Every structure is written in C-alpha cells, then in structure tokens.
Amino acid sequence: KSLNKNMRHEEQIRMGTTTTLDEPISETILRDLRQVADKLKVVLLPLGQSSNVLQKLREWDLWGPLLVCLLLSMILSATAPGSSASLVFAAVFVIVWFGAIAVTLNAQLLGGTISFFQSVCILGYCVFPLTLSAIGCFILSFIYSNIFIKLAIVGIGFIWSTRASVVFMIQ
C-alpha cells in the first residue's frame with residue numbers, strides 16, 4: 001500500500017496537483033540526491049546529450065554545486081599544510097563561487113540567454129571533474145608521490161571541466 005501511495009504522490013507532483021510540502025523529508029532528500037546524481041552523470045559525459053538531458057540540467061539547483069564545492073574545498077584543505085588548511089578551504093570556496101558569478105555576469109553582458117542561476121548551477125556542476133582529480137591526487141599521495149602524475153591528473157580534470165562547461169554554456 002505504501003508503494004502505491006508513493007507512486008501516486010510522484011504522479012501528483014508531476015501533474016502539479018500537490019506540492020513537495022506534502023511529502024516526507026526523507027523522500028525530498030532522496031529525490032534531490034537523485035537529481036544531483038543525474039546532473040553529475042550529465043557533466044561526466046557531456047558529449048552527445050539529448051535535449052531531454054540538457055533540459056534536466058537547465059532545471060537549476062544550488063545543492064549539487066554546493067556539495068561539489070564543499071567536497072573540493074575539504075579535499076584541498078586536507079592536503080594543505082596544517083596551518084593553512086582553513087585558508088585553503090575558504091579560498092577554494094570563495095574562488096569557485098565568485099568565479100561562477102563572474103563568468104555568469106560576463107555571459108549575461110554578452111547577450112547570453114541563460115538565466116543567472118542556471119549558469120551558476122551549470123558551472124558549479126562542471127567543477128566536478130576537478131573534484132575527482134583532487135580526490136585522485138589525494139589517494140595517489142598515499143601510494144606514490146610523483147608531481148608529474150598529479151599534474152597529468154589535474155590537467156585531465158581541467159580539460160574535462162572546461163569541455164563540459166563549454167558544451168553546456170553554448171546551448
């Protein structure tokens with residue numbers, strides 16, 4: 001009976017006859033986490049996207065970019081020397097968000113048709129490959145410490161992030 005109620009509730013949400021205020025908090029959190037995961041998958045494979053997938057990314061949220069930015073900040077602050085860990089965390093957090101805002105304002109001033117929050121959302125999600133690179137370098141530092149391998153990993157993450165952001169900002 002509970003499954004039928006949940007399915008009916010999801011259908012009501014799609015039809016617009018109910019609000020998310022009527023659903024349990026656990027359902028809301030799980031639904032939001034599924035949406036964040038779907039958007040991260042889109043960013044990880046930015047080529048050959050259908051219009052349905054691109055539309056999903058246009059439904060902006062700031063939870064995913066916040067989680068990606070927090071994870072990147074935590075990983076980079078964990079690898080920083082002890083006395084500067086909090087400074088690294090704050091610097092990464094501020095640079096990511098103000099960088100997204102600056103790029104968004106630039107796109108708006110150049111006549112872009114994407115909304116402010118859509119752009120910030122897309123750029124926030126596009127930082128995810130850099131976050132994966134940071135995680136890879138963090139794990140690699142326990143196994144083998146070679147600056148050239150880390151540089152290659154970060155370079156791949158940078159190119160991946162740049163490519164994903166260009167694909168979505170052009171749309």
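Helix 6, residues 116-125, is mostly covered, with 8 of its 10 residues buried. The buried ones are Q118, S119, V120, C121, I122, L123, G124 and Y125. Keep in mind that this is a predicted model.

Now for the annotated spans. The UniProt record, an unreviewed entry, puts the feature "transmembrane region" at residues 62-81, 87-110, 122-145 and 151-170. Here's how two of those spans look in the model:

Next up is a helix pair. How do helix 4 and helix 7 sit relative to each other, roughly parallel or roughly antiparallel? The axes of helix 4 (residues 63-79) and helix 7 (residues 128-143) come within 9 Å and cross at roughly 30°. Angles under 35 degrees count as roughly parallel, so helix 4 and helix 7 are roughly parallel to each other. As for handedness, helix 4 passes helix 7 in a left-handed crossing.

Which residues make the contact? On the helix 4 side you'll find V68, L71, L72, I75, L76, A78 and T79. Helix 7 brings F128, L130, T131, A134, I135 and F138. Sorted by class, this contact between helix 4 and helix 7 has 11 nonpolar residues, 2 polar ones and no charged residues.

Definitions and conventions
Residues are numbered from 1 along each chain as its sequence is written. This is a predicted model: local features need pLDDT of at least 70, side-chain atom pairs count only at pLDDT 80 or more; totals for chains, interfaces and linings use all residues. Side-chain values use heavy atoms; hydrogens and water are left out. UniProt positions are given in the numbering used here, feature names are shortened, and annotations may be inferred rather than shown by experiment. Buried means under 20% relative accessible area, exposed over 50%, partly exposed in between (1.4 Å probe, protein chains only). Helices (H or I, at least four residues) and strands (E, at least two) are DSSP runs, numbered from the N terminus. Axes are lines fitted to C-alpha atoms, for helices over the stretch in contact, and angles run from 0 to 180 degrees between N-to-C directions. Angles under 35 degrees count as roughly parallel, over 145 as roughly antiparallel, 65 to 115 as roughly perpendicular and the rest as oblique. A crossing is left-handed if the near helix is turned anticlockwise from the far one by less than a right angle, and right-handed if clockwise. Contact means heavy atoms within 4.5 Å. Ala, Val, Leu, Ile, Met, Phe, Trp, Tyr, Cys and Pro count as nonpolar, Asp, Glu, Lys and Arg as charged, and the others, Gly among them, as polar.
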